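Me: Please go through a few local features of this model with me, by question and answer.
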Amino acid sequence: TDDNGDAVDVFEPVEIKGISEFNYSTRAGSRVPVLLCATDKYVFHDDAQQGWWRELMGNDFSETFLTTFRKTAIIVNYSSSRDSVTRSWDGTTIEVLDDAPNIKFCTEHKQRLWAAGDPDHPLRAYFSGDRQPNLWFSPSEDNIESETDAAEQAGYVEVPSIKGDAITALYGDFYGRILIFTRRAVYQVGGDGPASFSMSAVSQDVGAENSDCVTQVGNDLWFLGRYGVQALSSTDQFGDIQSSFPSAPISDIWGQSPSAVKRVSRDYTFLSKLKYNPTQGLVYCAVPLTGQKTPDSVFVYNVNTKEWYGPWTIKTQAMENCEVGLPSIEVMMHGSTEGKVLFTNQGTRDDDGTAYTMTFQSAMLNGRSLDPKLIGMEKTWKTLRLFVLPRGDWDFTCSWMTDQKKVVSKTISQNPQDQYVIGATAGDGTGDFRLGVDPDGRLASRENMVAIEVTLDAVGRNLWFQIDQSGLGQDFVLQGYEVEFTAAGYAKE
């Protein structure tokens, strides 16, 4: 039962709000690794990573931010209607930082705790006293700070207001400076203390969506905003920062064209996540696509090949790069809305023997690449021609529809011409397609591309089609496609 005596289902799914790792030292000098996981009702910890979660504390509110500060874990519990509660935990004792302002997130910089998210002062970035996480200077109109220590050692900086903006993220330390993000701008604060702190603008155009959208990738700082993923790097001239645009190859998903098959949902972009796993050399970018209310579409950037992959569908209400296991390995951990903490890494496969469905979806086809006049014309879609490398004697499903919304599906063999495919004996119409040596001593392969024609007989202004390949061990290689159609009343000039 709960505090009111009402029955509670202990197996009821909970929503993961945050994941973090934290290390504390025992009096004997031993290092103890801890995983922290915040849900809407509790904060749990896996002490010494024994593989099971224990309750650390109950939450005052449903939202929680986790970080670390000088050998302690910082837990910020907040809501949209009540003042937040900030606590520290050293592995043994939980202490309430009752002097902390009404904040939603924080970070460590120059041995101070910097924080923001005050709804009454959304442009303020507070900083605590030197090595004192419970010494703050946060005056308001009806509360003039009177403590001399707070006034001299702590304080805040306020960023300029741009179109009613608010601070969304803080990051320190970046080459001796702390970076302050809004959704439309980036500022840097340099200096060593309250007497020397000074602020200047880095960008007045792009910013970060939230505190989980900023991550360091090598020597650069990447952040995810309303136009995609940007990167900041320090130049040879001290104090200068230059920007770049790593997500340019997938910039179309941040556009708002209605014809785009996949695009980021602007209504829920503030839930996005951006994290980096240096061991894998992978940047994970979790965003909500059209129709999603949580950032469950994960795009991955390989820093070695400089290519984007995805999207992968992973339930990602929370995401953090953590060290787990003995010996420890770095993995990307994902928290779901169903109370599950998942992880992705390169070293293991837990899905051997599992069948998946491979899906290819076309863009909206309307003939505009041939002539813009064709866009609004009624068309008769005659034939879809698929250029395929057969991988097996397997069937796939091809579905199509026009703007009349009638879906037609057909089951088709991906090897209609009895080509050589994987795993069978040559001579019976199958065989291994891998590279071999021909009679003249040259590298050769028996693999040939085939053209599969699908009769459509569909009428409409636009056409979409989809290919699904299902079955254990079955894959599908599409080299290209073309569509034949006629348009009523069309005469090319």
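**Loops and strands**

Reply: Asp120 is exposed, its relative accessible area being 60%, where exposed means over 50%, buried under 20% and partly exposed in between (1.4 Å probe, protein chains only). The model is predicted: local features need pLDDT of at least 70 and side-chain atom pairs 80 or more, while totals for chains, interfaces and linings use all residues. Residues are numbered from 1 along each chain as its sequence is written, and side-chain values use heavy atoms, without hydrogens and water.

Me: Where is Asp120 placed?
Reply: Strands (E, at least two residues) are DSSP runs, numbered from the N terminus. Asp120 lies in the loop between strand S10 (112-116) and strand S11 (124-127).

Me: Is Asn415 buried or exposed?
Reply: Asn415 sits in the loop between strand S31 (408-413) and strand S32 (436-437). Because its relative accessible area is 5%, Asn415 is buried.

Me: With which side chain does the side chain of Asn415 make a polar contact?
Reply: A polar contact is a pair of N or O atoms within 3.5 Å; within protein, one must be able to donate a hydrogen and the other to accept it, and residues adjacent in sequence count only if both atoms are side-chain atoms. At 2.5 Å, the partner of the Asn415 side chain is that of Asp393.

Me: Which residue in S20 is the bridge partner of Leu232?
Reply: Two strands pair if DSSP finds at least two bridges between them. S19 (residues 228-234) and S20 (residues 241-244) run antiparallel, joined by four bridges. The partner of Leu232 there is Ser243.
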